[in-house]
Amino acid sequence: MSIAQAKIDIEQYFIDTWTQTPIAFDGVAFNHSGVNDWISLKYVPIQNDSYAMDGNLNGRIKYNGQFQVFCYAENVPLTYALADDVISFLSSRIVGIGTSVKVGQPRGNAIDADNNFYEMLVTFEVDFYA
Amino acid sequence: MSLSKEFENLLDQKQKILNKVVLNLYSELVRATPVDTGTLKTSWELKKVSSTHWVLSNNMEYAEIIFRGIRPGVKGGSKNLPDGVYPILQKFNTQLELELANIRA
């Protein structure tokens with residue numbers, strides 16, 4: 001459950017609070033025809049660590065992962081602006097029941113993705129303790 | 001041990017950790033790079049600029065499209081690297097931070 005919890009927390013945060021663009025979720029069909037911009041969300045679990053205080057490995061576990069937000073818009077400046085908005089929206093937040101999100105990192109520049117849309121990826125390091 | 005000797009020892013330890021993590025990262029990125037013609041895999045370049053400054057690059061024009069991973073409904077990505085390279089970078093960054101923190105402990 002804990003590996004999934006960070007993903008659930010952040011996706012729920014977007015569902016509840018993000019109103020700027022449509023959202024595409026992993027594994028859910030999404031059709032971007034007729035929209036000017038959208039974001040696409042993905043969570044990648046990376047590593048779990050024991051945080052036992054007494055060294056007997058019975059303490060808390062830190063679940064570490066990466067939340068990826070792909071930003072799509074019709075031109076390069078709009079794509080950069082959307083990525084900026086996503087970084088402001090999610091950076092340094094604690095969402096859900098205790099998922100802590102670090103500052104978002106832009107990855108590369110806006111690239112021509114498909115059908116005249118440009119794409120920019122923003123990644124967030126995520127920790128969840130259970 | 002004198003203070004200056006201790007400082008030198010600390011720098012030496014840091015450098016060894018950095019070298020180890022950078023070389024492991026380089027190996028992991030090369031290993032994880034999908035192969036079609038092999039050009040992308042062989043385009044990784046690791047350059048040591050100074051004792052604490054490394055540059056790791058891949059100058060293939062389509063590298064960014066492959067390394068960002070697969071997105072449904074959008075072109076690009078590779079099924080052999082569906083999550084892209086950025087989770088790998090995060091993993092090694094965390095490892096570097098932990099190992100450097102352990103020097104101080």
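Chain A exposes about 6,400 Å², and carbon and sulfur atoms supply 52% of that area. Please keep in mind that this is a predicted model.

**Chain A on its own**

- You will find two helices and seven strands in chain A.
- Starting at the N terminus, the order of these elements is α-β-β-β-α-β-β-β-β.
- The C-alpha trace of chain A spans about 55 × 25 × 20 Å along its principal axes.
- Of the 130 residues in chain A, 46% are buried.
- Among the contacts in chain A with a separation of 6 or more, 60% are between residues 24 or more positions apart.

**Where chain B meets chain A**

- On the chain B side, 16 residues are in contact with 28 residues of chain A.
- Together the two chains bury about 1,900 Å² between them, with 48% of it on carbon and sulfur atoms.
- B:R71, B:Y86 and B:Q90 supply 35% of the area that chain B buries against chain A, more than any other three residues.

- Three salt bridges are found across the interface of chain B and chain A.
- One salt bridge joins B:R68 to A:E119, where the closest N and O atoms are 2.5 Å apart.

**What chain B brings to the contact**

- In chain B, α3 (63-67) and α4 (86-104) each supply at least two residues of the side that touches chain A.
- The largest share of that side, six residues, comes from α4(B).
- By type, the residues on the side of chain B that touches chain A are seven nonpolar, three polar and six charged.

Terms used:
Residues numbered from 1 in each chain as written. Chains lettered and ligands numbered in written order. Predicted model: local features only at pLDDT ≥ 70, side-chain atom pairs only at ≥ 80, totals over all residues. Heavy atoms only, no water. Contact = heavy atoms within 4.5 Å. Buried area = accessible area lost by both parts, 1.4 Å probe. Salt bridge = Lys/Arg side-chain N within 4 Å of Asp/Glu carboxyl O. Helix = DSSP H or I, 4+ residues; strand = E, 2+ residues; numbered from the N terminus. Nonpolar A, V, L, I, M, F, W, Y, C, P; charged D, E, K, R; others polar. Buried < 20%, exposed > 50% of the residue type's maximum accessible area, 1.4 Å probe, protein only. Areas by Shrake-Rupley, 256 points an atom, 1.4 Å probe, with all protein chains shown as cover.
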